[in-house]
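Here is a note for a colleague who is meeting this structure for the first time. Please keep the sequence and the model in view while reading the numbered points.

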Amino acid sequence: MDGFRASKRGRGGGSPRPPGKRGLPIIGETIEFLRDPTAFTTSRHDRFGSIFHTHILGKPTVFMRGAAANHWIYAGDGKYLRNEWSPAIQRLLGQTSMAMIDGDEHKARRKLLAPHFKRTVMGECVPPMLRVARKHLRRWQTDSELGPIAIVPRMRALAFEITATYVLGEFSDLGVELDAFSRDFETTTNGMFVLAPVALPGTAFARAVAARERMFTVLDDLVRRRDAEERSSPDVLSTLLRVRDDQGRPLPRSTIVDELHLLLFAGHDTTVVATSNAVFHLAQHPEVAAKARAEQDAMDTRAYTLESLRAMPYLEAIIKESMRLIPPIGGAFRVMTRDEEYGGFTIPEGWRIAIGPRSVHRDPELYPQPDRFRPERWLDAAENDARPPFSWIPFGGGPRTCLGMHFAMLEMHMVLAMLLRGHEWALSPGQDLGHHNLPFPLPKGGAIVELRPRDAKGEAKARV
Ligand code: HEM
């Protein structure tokens with residue numbers, strides 16, 4: 001561990017608490033943290049070492065960096081740590097969804113949904129995903145004949161329909177007004193990241209609460225109708241309706257609604273961020289894009305199947321590298337449920353632990369030239385084997401590892417492979433090339449690109 005200043009002794013006279021400073025009374029260092037979380041943690045790690053404490057968002061909070069620290073955190077879920085959500089998210093996310101429950105109940109709920117998200121069953125997702133992706137990319141192509149298009153909002157529409165189709169069923173059969181539903185979905189998500197979750201009229205949080213009520217009513221109605229139909233279909237909703245507990249009881253309808261909303265929420269912005277940033281990185285690195293297109297052009301088959309989509313090592317390396325540099329979820333919080341030692345320090349019960357992939361993803365010892373976008377690093381077996389577990393954590397780890405990880409990887413492979421085969425693109429000049437920090441690390445300019453179709457020989461056609 002690099003040089004640190006120890007602070008007060010931990011309870012019981014054991015090892016000291018992690019070093020750090022608390023900042024102002026009540027608000028602590030919240031403002032500095034929210035202004036730029038990366039700069040905040042980097043400067044304090046430089047000053048205090050690999051583990052430090054601060055006071056943010058109402059609680060003493062410990063930040064630790066390194067693969068071993070990540071391992072300790074993920075291994076502690078359900079033992080000395082429990083999940084913690086912000087008050088705004090607690091109000092807007094369904095109270096009984098998997099993200100909100102802990103221990104055995106959480107384990108049982110994951111087990112129930114796991115059959116839909118296992119790596120081995122992903123083949124079933126390919127045809128509906130392909131249908132939706134084709135429909136959207138055709139529209140991108142037509143619209144791009146008129147001028148540059150913004151990738152981020154388009155990726156939103158595409159990713160939402162893909163996830164919703166898998167979770168709820170074919171959109172055309174749902175009897176749900178899609179535009180209004182997805183608007184309410186976005187308004188609710190925006191409310192999750194406000195600092196003061198007070199629903200005063202006219203605030204983003206009040207709008208989010210109202211949108212949530214409308215959206216949950218639509219979902220509740222959908223669940224009721226589907227239950228009455230008694231038909232089985234391959235979507236997640238069907239499974240949630242079918243399962244019975246030990247005493248033969250179905251899940252309460254409100255729990256099904258909570259779970260559906262969680263899946264839509266957890267699967268949406270994350271995938272939009274990851275895929276949009278990969279498109280952005282490819283635009284900034286034409287030599288990488290050319291190599292990726294060569295991989296696509298050399299494929300034995302033009303068919304999109306689970307096997308062919310998993311036989312694209314260079315594209316996979318691009319996706320991994322893109323999420324290494326810009327992890328779609330910048331962090332999560334846990335709370336200590338008892339005093340516990342780590343790294344020579346006692347961390348007291350009730351303190352919060354911050355998990356953040358950014359520092360480990362940019363560690364020069366794990367990733368030489370860490371700020372460079374270099375997908376090739378993922379193709380070097382020796383380099384990969386030398387990295388300890390939990391050095392790459394865009395999907396988290398431990399009992400709460402992303403449930404939709406294989407689904408998300410498949411979706412990203414498919415959308416990016418289709419884009420690379422059919423198109424070339426360049427970032428339009430004059431846009432802000434920086435990235436937002438919160439709530440999601442998306443290009444500030446929306447990633448506006450000039451998209452040109454490629455012909456069957458892989459040549460880019462000029463726009464007329
Ligand atoms: C690139 C896309 C994605 C990324 C980077 C991502 C990342 C994550 C991360 C980091 C967590 C753990 C959070 C924590 O430790 O507290 C998580 C949890 C979760 N993710 Fe994802 N996710 C993605 C896509 C998806 C998709 C497509 C779905 C489903 C359709 C999904 C469903 C979930 C669920 C249900 C959880 C909660 C698991 C639990 O609490 O046990 N995610 N995700």
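1. Helices and strands are named here from DSSP runs, a helix being a run of H or I of at least four residues and a strand a run of E of at least two, and both are numbered from the N terminus. This is a predicted model, in which local features need pLDDT of at least 70 and side-chain atom pairs count only at pLDDT 80 or more, whereas totals for chains, interfaces and linings use all residues. Residues are numbered from 1 along each chain as its sequence is written.

2. On the overall fold, the protein has 17 helices and 10 strands, and its C-alpha atoms fill a box of roughly 70 × 55 × 45 Å along the principal axes. The radius of gyration, which is taken over C-alpha atoms and compared with a globule rule of 2.2 Å times the number of residues to the power 0.38, is 23 Å, and this agrees with the value near 23 Å that a compact globule of 464 residues would have.

3. A residue is called buried if 20 or more other C-beta atoms lie within 10 Å of its own, exposed if 12 or fewer do, and partly exposed in between, with C-beta atoms placed from the backbone; buried residues make up 39% of the 464 residues in the protein. Two residues are in contact if their C-beta atoms, placed from the backbone, lie within 7 Å, and among contacts between residues at least 6 apart in sequence, 71% join residues at least 24 apart.

4. Which element gives the largest share of the shell around the ligand? That share, 7 residues, comes from H11. A residue is near a molecule if its C-beta atom, placed from the backbone, lies within 6 Å of it, and of the 23 residues around the ligand, Gly267, Thr270, Gly396, Cys402 and Gly404 come nearest. The elements that give two or more residues to this shell are H11 and helix H17 (405–422).

5. The shell can also be described by class, where Ala, Val, Leu, Ile, Met, Phe, Trp, Tyr, Cys and Pro count as nonpolar, Asp, Glu, Lys and Arg as charged, and the others, Gly among them, as polar. By this scheme the shell has 15 nonpolar, 6 polar and 2 charged residues.

6. Cys402 deserves a separate look, since UniProt, in an unreviewed entry, lists Cys402 for "binding site"; such annotations may be inferred rather than shown by experiment. Cys402 is placed in the loop between H16 and H17 and counts as buried because it has 20 C-beta neighbours inside 10 Å. Leaving aside neighbours within four places in sequence, Cys402 is in contact with Phe395 and Gly396.

7. Gly404 also lies in the loop between H16 and H17, and Gly404 is buried, with 21 other C-beta atoms within 10 Å. Not counting residues up to four places away in sequence, Gly404 touches Phe117, Ala266 and Gly267.

8. Helix H9 (residues 204–229) has 26 residues and reaches 37 Å from its first C-alpha to its last, close to the 38 Å expected at 1.5 Å a residue, where the expected span is 1.5 Å times one less than the number of residues. Its buried residues, including Phe205, Ala208 and Met215, pack against helix H4 (87–92), helix H7 (151–168), helix H8 (178–191), helix H10 (236–242) and helix H11 (253–284). Just after H9, Glu230 takes a positive phi of about 55°.

9. Phe185 lies in helix H8 and counts as buried, with 21 C-beta neighbours inside 10 Å. Phe185 touches Met215 and Leu264, not counting residues up to four places away in sequence, and its C-alpha atom is separated by 8.7 Å from that of Ala208, 23 residues apart along the chain.

10. Gln369 has a positive phi of about 45° although it is not a glycine; Gln369 is in the loop between helix H15 (357–361) and helix H16 (381–386), and with 9 C-beta neighbours inside 10 Å, Gln369 counts as exposed. Ala447, which is not a glycine either, has a positive phi of about 55° and is found in the loop between strand S9 (423–427) and strand S10 (448–453), but Ala447 is buried, with 24 other C-beta atoms within 10 Å.
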